[in-house]
Amino acid sequence: MKIVTSGRKYIDIDAYVSMIAYRELLRVLGEEVAAVSTAPFNQSVPKMIQGLNYRLDEIPESFVGAEFIVLDVSNPEFFDTFVEPEKIIEVIDHHTGFEDYWREKLGDRAEIEYIGSVCTLVFERIMAAGKLEILTPDLCRMMAAGILDNTLNLQSEVTNERDSQA
């Protein structure tokens, strides 16, 4: 089983939505995957988003045999408490600083780049896989909310054309 997760301090809307959207992509590609977190939501995850048809999965009783995919964080000090760093198979983040570390460990399975939102990176993966059909109205609403929140309505300094296109 693959576990998609994020940081341990809190989950913001970008982490929450990107975890769910990436889980949906991996499932349609035939993977056995769950999106889980022990962290509380911060104020950027409104009840309206939490009430849509997508949610995180229940935390498994055991992570034996699990492989981890970490989104929206690449500093190992901030990973969720259950993540076993030696079992991380992929990192997708927009917070720079640990690119060399993860590229050395994971090669092209580490995507860390200066961009407005991890939701943008996940959307690009959905497009590249040719799986736009997974983008239901609710999942689109969620991804748009994640991108808009993280880029301050596409006005922040980190926003680029890829965020706007996504």
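A helix axis here is a line fitted to C-alpha atoms over the stretch in contact, and angles run from 0 to 180 degrees between N-to-C directions. With that in hand, let's look at this predicted model. Helix H1 (residues 13-28) and helix H5 (residues 137-150) have axes that come within 9 Å and cross at roughly 145°. Then there are the aromatic rings: a search of the whole structure turns up seven aromatic pairs.

**Two helices crossing**
- When H1 passes H5, the crossing is left-handed.
- On the H1 side, the residues that meet H5 are Ile13, Asp14, Tyr16, Val17, Ile20, Ala21 and Glu24.
- Their partners in H5 are Leu139, Met142, Met143, Ala145, Gly146, Asp149 and Asn150.
- Sort this contact by class and you get nine nonpolar, two polar and three charged residues.

**Rings around Phe63**
- Phe63 and Phe68 form a tilted pair, because their planes sit at 40° with the ring centres 6.0 Å apart.
- Phe63 has a relative accessible area of 13%, while the value for Phe68 is 0%; a residue under 20% counts as buried, so Phe63 is buried and Phe68 is buried too.
- Phe63 also pairs with Phe82: the centres are 4.4 Å apart and the planes are at 5°, so this pair is stacked.
- Like Phe63, Phe82 is buried.

**A ring cluster**
- Phe79, Phe98, Tyr101 and Trp102 are joined into a cluster by ring pairs.

Terms used: Residues numbered from 1 in each chain as written. Predicted model: local features only at pLDDT ≥ 70, side-chain atom pairs only at ≥ 80, totals over all residues. Heavy atoms only, no water. Phe/Tyr/Trp six-rings, centres within 6.5 Å; stacked < 30°, edge-to-face > 60°. Buried < 20%, exposed > 50% of the residue type's maximum accessible area, 1.4 Å probe, protein only. Helix = DSSP H or I, 4+ residues; strand = E, 2+ residues; numbered from the N terminus. Left-handed = near helix turned anticlockwise from the far one by under 90°. Contact = heavy atoms within 4.5 Å. Nonpolar A, V, L, I, M, F, W, Y, C, P; charged D, E, K, R; others polar.
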